[in-house]
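Let's take a friendly walk through a protein model, stopping at a few places worth a look. Keep the structure open beside you as you read.

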Amino acid sequence: MDKIWIKDLEIFAYHGVLAEEKRNGQKFYVTVSMDVDLHAAGMTDDLDKTVNYAEVCELIRRTMQEESYDLIEAAAENVADAILLAYPQIKMVDVIVSKPGAPIPMDFDTVCVDITRGRHIAYLGIGSNLGDKEAYLDYAVDQLNKDEYIQVTKVSSYIITEPYGDVEQDDFLNGCLEIETIYSPQDLLAVINDIEQGAGRKRLIHWGPRTLDIDILLYDQEMIMEDTLKVPHVEMAKRAFVLEPLAEIAPYAYHPGYHKTIIELLEILQNKKD
């Protein structure tokens, strides 16, 4: 991927844990590299087809000076977020915030943090079997789109499916979404849990009825096995009500555990039933 670099942008700001740092301020230096396709700009010599680095510099300055953070980690995080939110054509950004005047009673050149943040493609499963099921699924899509860190890029058809598990309950309405997000998987999980709660979701019975269920099915090609989050979703390859709507919007999305596309997993599951 092509890159635009801004190196050692000098900014006077008021970040630090100590009171005198917030009172007196000091110089910080910010370096960013931005992954962006520059081919069209190079071929046309058109500023509109690239990222205006002068504008990015002003955005960095404003972000560094609008707030006073205890940590340069927080400053770097907010610079990265500001750039990604302002420029959707930037796929990835690396931000280095240097603090040469850090209060360290030793000889040193500088102290810095270096973070990389970017856009990610995730696939979500949504389902409901209580109340106005379609309205709950539409609510999920709407709430996700209202979050500035998320863009819903594809929505499958909604399909009626029999409930999964041993609990007697009404049929489900299920669908799948493709989203682009700058959230980490863990932060995305927190967001969708909040959306579920906003729809009145209560986790009382395992595999029980619910107003709204949202699952992270895939997140890029990451494999995550944590107590609170497992990606790819551990049951997705066994569930036609997941694979069918997912194959509608992303038939060639790749499952990093099974090393197969979604359409291949669906064909395997269908053949088992025949």
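The sections below go from the inside of the model to its rings, cysteines and charges.

## Before we start

Please keep in mind that this is a predicted model. The distances, angles and accessibilities below are computed from that model.

## The nonpolar cores

In soluble globular proteins, nonpolar side chains tend to be buried together. Here, the largest nonpolar core has 59 residues. The members that touch the most others are Val32, Ile60, Ile83, Val95 and Leu188. Helix H4, which covers residues 72-86, gives this core its largest share, with eight residues. Apart from it lies another core of 19 residues, including Leu246, Ala247, Ala250 and Leu266.

Leaving aside neighbours within four places in sequence, Leu188 is in contact with Ala122, Leu124, Ile150, Ile179, Tyr183, Ile216 and Tyr219. Remember Tyr183, as this residue comes back in the section on rings.

## A look at Ser98

Is Ser98 buried or exposed? Its relative accessible area is 11%, so Ser98 counts as buried. Ser98 is in strand E3, which runs over residues 92-98. Setting aside neighbours within four places in sequence, its contacts are Phe28, Tyr29, Thr110, Val111 and Cys112.

## Cysteines without a bond

How many disulfides does a search of the whole structure find? The count is zero. Cys57 and Cys112 show why: the sulfur of Cys57 has its closest cysteine sulfur in Cys112, 18 Å away, which is too far for a bond. A disulfide needs the two sulfur atoms within 2.5 Å.

Cys57 is partly exposed, with a relative accessible area of 21%. Cys112, the contact of Ser98 named above, is also partly exposed, at 43%.

## Rings side by side

A pair of aromatic rings is described by the distance of the centres and the angle of the planes. The structure holds two such aromatic pairs. Phe12 and Tyr14 make an edge-to-face pair, with 5.6 Å from centre to centre and 85° between the planes. Phe12 is partly exposed at 39% relative accessibility, and Tyr14 is partly exposed at 35%.

Tyr149 and Tyr183 are stacked, with centres 5.0 Å apart and 20° between the planes. This pair links distant parts of the chain, 34 residues apart. Tyr149 sits in the loop between helix H5 and strand E6, while Tyr183 sits in the loop between strand E8 and helix H6. Tyr183 is buried, with a relative accessible area of 15%.

The structure holds ten salt bridges. One of them joins Lys27 and Glu10, whose closest N and O atoms are 3.7 Å apart. Lys27 is in strand E2 and Glu10 is in strand E1, so this pair links distant parts of the chain, 17 residues apart. Both partners are partly exposed, Lys27 at 43% and Glu10 at 46%.

Lys146 and Asp142 meet in a salt bridge at 3.3 Å, N to O. They are separated by about one helical turn because they are four residues apart in helix H5. Lys146 is exposed at 58% relative accessibility, whereas Asp142 is partly exposed at 36%. Glu235 and Lys238 form a salt bridge too, with 3.9 Å between the closest N and O atoms. Finally, look for Glu58, Arg61, Arg62 and Glu66, which are linked in a network of salt bridges.

Notes. Residues numbered from 1 in each chain as written. Predicted model: local features only at pLDDT ≥ 70, side-chain atom pairs only at ≥ 80, totals over all residues. Heavy atoms only, no water. Helix = DSSP H or I, 4+ residues; strand = E, 2+ residues; numbered from the N terminus. Buried < 20%, exposed > 50% of the residue type's maximum accessible area, 1.4 Å probe, protein only. Contact = heavy atoms within 4.5 Å. Core = buried A, V, L, I, M, F, W, Y, C linked by side-chain atoms within 4.5 Å. Phe/Tyr/Trp six-rings, centres within 6.5 Å; stacked < 30°, edge-to-face > 60°. Salt bridge = Lys/Arg side-chain N within 4 Å of Asp/Glu carboxyl O.
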